[in-house]
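I opened the model to look up a few spots of interest. My notes are below.

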Protein chains: 2
Amino acid sequence: MTPSHIAMCAQLAMMLEVSATPKPGNIDRDHNYVDTRFEHFLAGAVGVFPILEKAARSDSGAGSLIREAVLESSKWQKGGNTHFGAFILLMPLVMAAGRCDDIACLKVQVQKIVRGTTVDDAVEFYRAFFEAGVKVKPVKDLDLTDAASTEKIRAQRLTLFNMMEISSGYDMIAEEWTNGFQKTFDCAASIQNKINKHGINDAIVFTFMELLSKYKDTFIQTKFDDRKAEEVSIRAENILKKGEMGARMDDIYSFDDELIREGVNPGSTADLIISGLFVSLFEGMRF
Amino acid sequence: MTPSHIAMCAQLAMMLEVSATPKPGNIDRDHNYVDTRFEHFLAGAVGVFPILEKAARSDSGAGSLIREAVLESSKWQKGGNTHFGAFILLMPLVMAAGRCDDIACLKVQVQKIVRGTTVDDAVEFYRAFFEAGVKVKPVKDLDLTDAASTEKIRAQRLTLFNMMEISSGYDMIAEEWTNGFQKTFDCAASIQNKINKHGINDAIVFTFMELLSKYKDTFIQTKFDDRKAEEVSIRAENILKKGEMGARMDDIYSFDDELIREGVNPGSTADLIISGLFVSLFEGMRF
C-alpha cells in the first residue's frame with residue numbers, strides 16, 4: 001500500500017465521519033455550530049493530506065506530525081480546530097499502516113509506534129495543544145496554556161507515551177494509546193458488520209451510538225463534568241435497548257436535537273469513529 | 001504551488017460542490033439517488049488524488065489523464081460514474097495550474113493545454129467514455145459504444161480539441177474547451193463575489209441557479225431534450241427574478257423537489273460549479 005493510498009484512507013475516514021447524520025450533538029452534514037461548519041471539516045480533511053502522506057512514510061516523530069497536521073489543516077479553513085483528537089489517533093495508525101499490509105500487522109506496529117515515542121514527541125505535542133487552544137487537558141498537573149510546561153516535560157523525561165499513560169485513566173483518546181487501540185479496532189469491526197445491512201451512513205450512526213452508550217465521552221467530561229457524560233451514555237444505552245435499529249432512528253434524531261440545544265458534543269466519540277473508519281478503509285472496505 | 005496543493009484544490013472543489021444544498025435536481029448532502037449517494041461522490045473525490053497530482057505535473061496527455069481519473073475514482077466507491085464531466089474540465093485546468101501562480105497565467109495556459117491535445121488524447125478520451133458507460137455523447141456521428149470508433153478517429157486525424165470543437169455547439173462542457181473556459185472563470189468570480197455575504201454553501205447554490213438560468217444544461221438536453229433544458233432554465237430565471245437571495249431560498253427548495261421527482265438532474269451545470277470552485281481555491285479563496 002502506498003503512502004498516498006494510506007493518506008487517502010485517512011482523508012475519507014474524516015469525510016465519512018463528519019457526513020454521517022444524525023450523530024447526536026456533533027457537527028454533521030445537517031448540523032453546524034455558529035463559527036464551525038460542516039465545510040470546515042471537509043477543508044481540514046483535504047488540507048492535511050501532505051502530513052498524512054508524510055506520516056505513512058515515517059517511523060518516528062508522532063508528536064511533530066500531530067502538530068504539523070493541526071497547523072496544516074487549519075490553513076485551509078477559518079472554522080478553528082476541527083480534528084485535533086482525531087489526529088492523535090490517526091497519526092500513529094497511519095505511521096503503522098505505512099509498514100503493513102494487513103490488520104494483524106497494524107495492531108502490532110501501532111503499539112510499537114506509540115511505545116517508541118520520545119520526550120521530543122511530548123514537547124511537540126504540547127506545543128500543538130497550546131497553539132490550537134484545545135480545551136481537553138492531556139495531563140492533569142501540567143498547564144497547557146503555559147509554554148514553560150515543556151521545560152517540566154524535559155526535566156521529568158516524559159515521553160509522549162508516558163503522558164498518555166498518565167491521562168489514560170480519564171481520557172479515552174489517551175487510553176487508546178495505552179490499550180493497543182482496542183476501541184478503534186472494535187469500532188472498525190462494528191462498522192463493517194453493519195455496512196451491508198444498513199449502508200455507510202447508518203452503520204456509522206449506530207456504531208457511534210454504541211460507543212457513546214458504552215464509554216463516557218472525554219470531551220463532554222471536560223466541557224461539563226463526569227456526571228453529564230454518564231447521563232449522555234445512559235440516554236444512548238436506553239435508546240439502543242428499545243428495539244430494531246430502523247425503528248430507533250426517530251429517537252436518535254430527538255436525542256441529537258436535545259444535545260445540540262444543550263451544547264453537548266461527544267467529540268471524543270467522533271474521533272474514535274474516524275480511527276475506526278480509517279482501519280476499515282485500510283482493510284479495503286468499500287460501499 | 002506544489003502539484004499536491006493543486007490536487008487538493010481540485011479535491012476540495014468536488015467536495016464543496018456535492019455538499020452544497022439545495023442544488024435543484026442534483027445529488028447533494030441531503031439528496032441521494034437510488035444507486036448513487038452523496039458518500040460515493042466524496043469517495044470518488046478522495047480516490048482521484050494521485051491522478052490530479054500527476055496532472056499538475058503533466059504538460060500533455062489530457063485524454064489519458066481523464067481516463068485514469070475515471071478509472072481510479074471508481075475503485076473507491078460502488079456508486080458508478082460520479083465525476084466524468086467534471087474531470088473533462090478539471091484535467092486541463094489542473095495541468096495548467098501546475099505551470100502557474102496566478103489566474104492570468106491560468107487563463108493562457110489552459111488554452112495552450114487544450115489546443116495542444118493530440119489524436120492519442122482523443123482515442124484515450126473515447127475509451128474512457130465507453131468504459132464508463134456515460135450517456136452524454138461528445139461527437140454526434142461517432143458511436144461511443146463502439147470500440148471501432150477509435151479507428152475512425154485515427155483515420156480522420158481528430159485531436160481531442162477537434163472533437164470538442166465539433167460538439168461545442170451543443171455541449172456546454174466541450175464549449176469550455178473552445179471558448180477559453182469562460183463560464184468557468186465567470187463562475188469562479190460569481191462564487192467569490194457572494195461568499196462573504198452568503199457563506200460558502202449559499203454562494204454555490206446561488207451561482208448554480210445563475211448558471212442554470214443562463215445556459216441550457218447539456219445533461220438534461222441529452223437525457224430529455226432541448227425543450228426540457230430550456231424550460232428548466234426559464235424556471236431558474238423566474239425564481240432569480242423574484243427578489244432578494246435569502247427570500248428566494250424557499251422557491252429553490254420547491255424547485256429542487258420538483259426536479260428530483262421528475263428525475264431531471266442538471267449535471268453539466270454541477271460540473272461547471274466544480275471547475276469554478278477549483279479556480280477560486282487556486283486563487284486562494286478561504287471560508
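**Entry one: α9 of chain A.** I kept in mind that this is a predicted model. I looked up helix α9(A), which spans residues 160–167. I found Leu160(A), Phe161(A), Met163(A), Met164(A) and Ser167(A) buried there. I then looked down the axis of α9(A): the buried residues fall within an arc of 160°, so they line one face of the helix. Next I checked what covers them. The cover includes α4 (62–74), α5 (84–97), α6 (103–115), α7 (119–132), α8 (149–155) and α10 (172–178) of chain A. At the N-terminal end of α9(A) I found Thr159(A) as the cap. One of its side-chain oxygens lies 3.3 Å from the backbone nitrogen of Phe161(A).

I moved to chain B, where Met164(B) sits in helix α9, residues 160–167. Is Met164(B) buried or exposed? I read 4% relative accessibility; the cut-off for buried is under 20%, so Met164(B) counts as buried. Leaving out residues up to four places away in sequence, I listed its contacts as Ile88(B), Phe125(B), Ala174(B), Trp177(B) and Thr178(B). I also checked Val34(B), 130 residues from Met164(B) along the chain. Their C-alpha atoms are 32 Å apart.

I located Ser58(B) in the loop between α3 (49–56) and α4 (62–74) of chain B. Its relative accessible area is 15%, so Ser58(B) is buried. Which backbone oxygen lies 2.7 Å from a polar atom of the Ser58(B) side chain? I traced that oxygen to Lys54(B). Beyond four places in sequence, Ser58(B) touches Leu65(B) and Met95(B).

Terms used. Residues numbered from 1 in each chain as written. Chains lettered and ligands numbered in written order. Predicted model: local features only at pLDDT ≥ 70, side-chain atom pairs only at ≥ 80, totals over all residues. Heavy atoms only, no water. Buried < 20%, exposed > 50% of the residue type's maximum accessible area, 1.4 Å probe, protein only. Helix = DSSP H or I, 4+ residues; strand = E, 2+ residues; numbered from the N terminus. Arc of directions from axis to C-beta. Contact = heavy atoms within 4.5 Å. Polar contact = N/O pair within 3.5 Å; in protein donor to acceptor, adjacent residues only side chain to side chain.
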